[in-house]
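Here is my note on this structure. Please read the points with the model open beside you.

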Amino acid sequence: MTAASEEGPTISTGPTVREVGEFALIARINAGREQGSAVQLGPGDDAAVLTAARGRYVVSTDMLIEDRHFRLDWSTAEDIGRKAIAQNAADIYAMGAEPVGYVVGLGIPERTPVDFVTGLADGFWAEATRAGGSIAGGDIVRSPQVVISVTAFGDPLGEEPVTRSGARPGGLLAIAGRPGWSAAGYALLAGGHVPESGPGAATAVAAHRAPRPAYDLVRAAVTGAHPPVALTDISDGLLADIGHLAESSGVAIDVRSAALRDTELAECAGVLESDARQWILTGGEDHVFAGVWPAGSPPPPGWTVIGDIEAGHGVTVDGARYCGPQGWEAFSGTDSANVGHSR
């Protein structure tokens, strides 16, 4: 494990950021990048200028801290960059919007290799290209460890954002994506297993290092004939995040566990003698999307119905309360209860 210190990541024999300097470093990571149409003015001035096509933005921000949200011995710089953008882009899509630009704050030790920073930038841009939008600006400062802060700006795909509060009794809960895979990847890496160590291991490790949210399925759903009435991003665990949706909407949600069975994930769990069901229900960082459709309007192709919206409050699984941790909580005081998270 690379220590979090002024020595910086020891992953390259090339020049360090101290040797090239701040402005030369900024010039390197911005060289050859093409801004999206929503960015009227990108890096190079005191601030960026973005257009708001509908007269308003959806805005989200997240931070990642070395050894809390990622590990340098588990992930490449590009993996980390992709993950930083993905978790912000997923929040934008979970509001029924599409990203148009991102600003990135980066803290790094002075002896960090330049190659590491350009690798991060490659990851930022690769995921931004996939999700929509471009890196419109940011800031770089010296820090005792790697810290990344991303703010994403999004343009609503419809007339109004899609919030967590639109679910009503009689509706259907559906997801886009496969929950539990990032948790599986975390468990494999924490246990010292290599990607070739068993069925699905490579898929799980890749899902943890750099999640790939199903942006296209949200875009198609929100702009389709029967859009969802509520949306959320599963970042802290399926039960935890749909619990927030249930609370915001003033409803109860019953999850059908049979609809969540994943044979390949179960085979992966066998390597560690672990419980795939727990990964699926409480693991996070897959950035699966959960949406609600009203009665008589089933979700579009690509979405899997996993539950029912009922009168009442709270979340149940097959009609019963789930015993055990519900998912990630930033100030819980222990990571042992938050299976599946590196943060």
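1. Start with one pair. The side chains of Glu110 and Arg142 form a salt bridge, 2.9 Å from N to O. A salt bridge here is a side-chain nitrogen of Lys or Arg within 4 Å of a carboxyl oxygen of Asp or Glu. Glu110 sits in the loop between β4 (97–108) and α4 (114–131), and Arg142 in strand β5 (residues 134–142), so the pair ties together parts 32 residues apart in sequence. Helices (H or I, at least four residues) and strands (E, at least two) are DSSP runs, numbered from the N terminus.

2. A word on the source. This is a predicted model: local features need pLDDT of at least 70, side-chain atom pairs count only at pLDDT 80 or more, and totals for chains, interfaces and linings use all residues. Residues are numbered from 1 along each chain as its sequence is written, and side-chain values use heavy atoms, with hydrogens and water left out.

3. Now check accessibility. Glu110 is buried at 17% relative accessibility, whereas Arg142 is exposed at 61%. Buried means under 20% relative accessible area, exposed over 50%, partly exposed in between (1.4 Å probe, protein chains only).

4. Look next at Arg256 and Asp308. Their side chains meet in a salt bridge of 2.7 Å, N to O. Arg256 lies in the loop between β9 and α9 and Asp308 in strand β11 (residues 304–310), so this pair joins parts 52 residues apart in sequence. Arg256 is partly exposed at 33%. Asp308 is partly exposed at 23%.

5. The whole structure holds 11 salt bridges. Glu78, Arg82, Glu127 and Arg130 are linked in a network of them.
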